[in-house]
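Me: Could you take a close look at the charged side chains in this one, and tell me which of them pair up and where they sit? I'd also like a word on the aromatic pairs and the surface patches.

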Amino acid sequence: MSHSASSASHHSEPFDMVVVGGTGDLAHRKLLPALYYLHRHDDLPETGRIVAVAREETTREQFLQDLEKSCRQHVSPGDFTAEDWSSFAERLHYLAVDAANIESLGGLRTVLDDDGGTSRTRVFYLATPPNLYGTISRAIAEAGLIDDTSRIVLEKPIGHDLASASAINTAVGEVFAETQIYRIDHYLGKETVQNLISLRFANALFEPMWNSSHIDHVQITVAETLGVEGRGGYYDHAGALRDMVQNHILQLLCLTAMEPPSRLEQDFIRQEKIKVLRALRPMSRDDIAHKTVRGQYRPGIIDGKSVGGYLEEEDIRPSSRTETFVALKAEVDNWRWAGVPFYLRTGKAMGHRVSEIVIQFKTLPHNLFGSPAGALHDNRLVIRLQPDESIKLALMVKKPGVRLRLKRVHLNLNLADTFDERTPRAYERLLLDVLRGNATLFMHRDEVEAAWRWIEPILDGWKERGEAPRIYSAGSWGPAEAITLVLRDERNWYEQVV
């Protein structure tokens, strides 16, 4: 096993992690490769077991063959070795189980009870459709598989509206205490999201200026070049607002806008995030008409290749009005952010893959240098989450030479170039936090429901207006109306992708 990272196995107890939906796309593409990395870097205790369960009738040998192919595809080539795979495979078990059926869970109980007398933390990761969360929770409880130390991990989306989210939370909450429930959002596991907290609260330079006196506006962009990636059946009933804004983007907004927590602990951070969500100004009918834009992509060109439109994707209804792009102007009604708009946007089949938070500082009240020195540009902080994780600060400096001429330059911190350490993938950090019992980066029930309370009126307003989504070409930055949304306020989207 590789020892390129310092051992951290002593931080977590022996465990059994049951991955429900263990043959699915999420398990093979994200979860199990992340666990492979944790194993490879000695971050898992030697006595930890991983039990994949699914309805599929297959053998452990066939499961391991399929998973090895997936890991070779989703693990960096230099990180996949026969030795590491062989030792990782020893942890893995597979059971053909219908986790929603109590009678089917007997085999799983036999495996879990065969613990060699070792006390283990028992984690259930539900990589299943959310409408099964309550049913599976009740089944594993009635099968006697949980105790006070057990934990459950829920993937987004939690519901499709406030009522369904509340129903799921209530159903799971009848079996598990809130402290045992880990609602995962992989964006919160990204290194630059962690750095956002450090940047704000570990530097005297930023926090005194992190308010409406100095910041003009904030932009949060999550743009993808891919379409629905074979998830048409799900996506056509979800759309961009539910799929991305309700969870990922609002979580980024919370971390950007929250007050300093009195302690850097999970309950205190969660409380501050909930306050932000509750301070979001509700959208009126007029607001929905003027402060939101929904779009749907048509055929276009991405990276020099022709791509089809949304309506041509597999499992998409020919008359679908599902949005693949959303732009919003959000406002946080509190003392710190009064008058500072938060422009949010996300889209599929766009020209570039980029996720970033842009903090645009206010214009100086007076140009001391005059026009011969050149135009003054506003300071800007860009926190990029993907594809390259970086923090960039735009400043004005004097160009070398005998004449006074100003130029905007960037202080650019690229995490990969600056630090000689491998950056863990988001799921690695989050899975390890589950095992350690650290819920800081996971959503509380109140967060999920507060987000839906803000989102749901927008969904209702769109439905009431009955307008089709605005059209944009694949490979573009979205419909023209999204540009108008910010131009109306005499601002522009930040679109520097290099």
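Reply: Here's a walk through the salt bridges, then the rings, then the surface patches.

First, the ground rules: this is a predicted model, where local features need pLDDT of at least 70, side-chain atom pairs count only at pLDDT 80 or more, and totals for chains, interfaces and linings use all residues. Residues are numbered from 1 along each chain as its sequence is written, and side-chain values use heavy atoms, with hydrogens and water left out.

Let's start with the charges. A salt bridge here is a side-chain nitrogen of Lys or Arg within 4 Å of a carboxyl oxygen of Asp or Glu. Searching the whole structure turns up 35 salt bridges.

(Helices are DSSP runs of H or I with at least four residues, strands are E runs of at least two, and both are numbered from the N terminus.) For exposure, buried means under 20% relative accessible area, exposed means over 50%, and partly exposed is in between, with a 1.4 Å probe and protein chains only. D113 has a relative accessible area of 45%, so it's partly exposed. R109 is partly exposed too, at 39%.

Next comes D243 with K156, where the closest N and O atoms are 2.9 Å apart. D243 is in helix α9 (residues 239-257) and K156 is in the loop between β5 (151-155) and α6 (162-173), so this pair ties together parts that are 87 residues apart in sequence. Both D243 and K156 are buried.

Then there's R429 with E191, a salt bridge at 2.4 Å, N to O. R429 lies in helix α13 (residues 426-436) and E191 in helix α7 (residues 191-201), so the pair ties together parts 238 residues apart in sequence. R429 counts as buried because its relative accessibility is 19%, while E191, at 22%, counts as partly exposed.

Now the rings. Rings of Phe, Tyr and Trp (its six-membered ring) pair if their centres lie within 6.5 Å; planes under 30 degrees apart are stacked, over 60 edge-to-face, and the rest tilted. That rule gives 14 aromatic pairs. Among them is Y297 with Y310, edge-to-face at 5.9 Å centre to centre and 75 degrees between the planes. Y297 is in strand β8 (residues 292-298) and Y310 in the loop between β10 (305-307) and β11 (325-331), so the pair ties together parts 13 residues apart in sequence. Y297 and Y310 are both buried. Elsewhere, ring pairs link Y36, Y37, F80, W85 and F88 into a cluster.

Last, the surface. Patches take residues with over 30% relative accessible area and no salt bridge, joining like charges within 9 Å and nonpolar side chains (Val, Leu, Ile, Met, Phe, Trp, Tyr) within 5 Å. K399, R403, R405 and K407 form a positive patch. K407 sits in strand β16 (residues 406-414) and is partly exposed, at 45% relative accessible area. L368, F369 and L404 make a nonpolar patch of about 320 Å². L368 is in the loop between β13 (354-361) and β14 (380-386), and its relative accessible area of 68% makes it exposed.

Conventions:
Areas by Shrake-Rupley, 256 points an atom, 1.4 Å probe, with all protein chains shown as cover. Lys, Arg positive; Asp, Glu negative; His and termini not counted. Charge placed at Lys NZ, Arg CZ, Asp CG, Glu CD.
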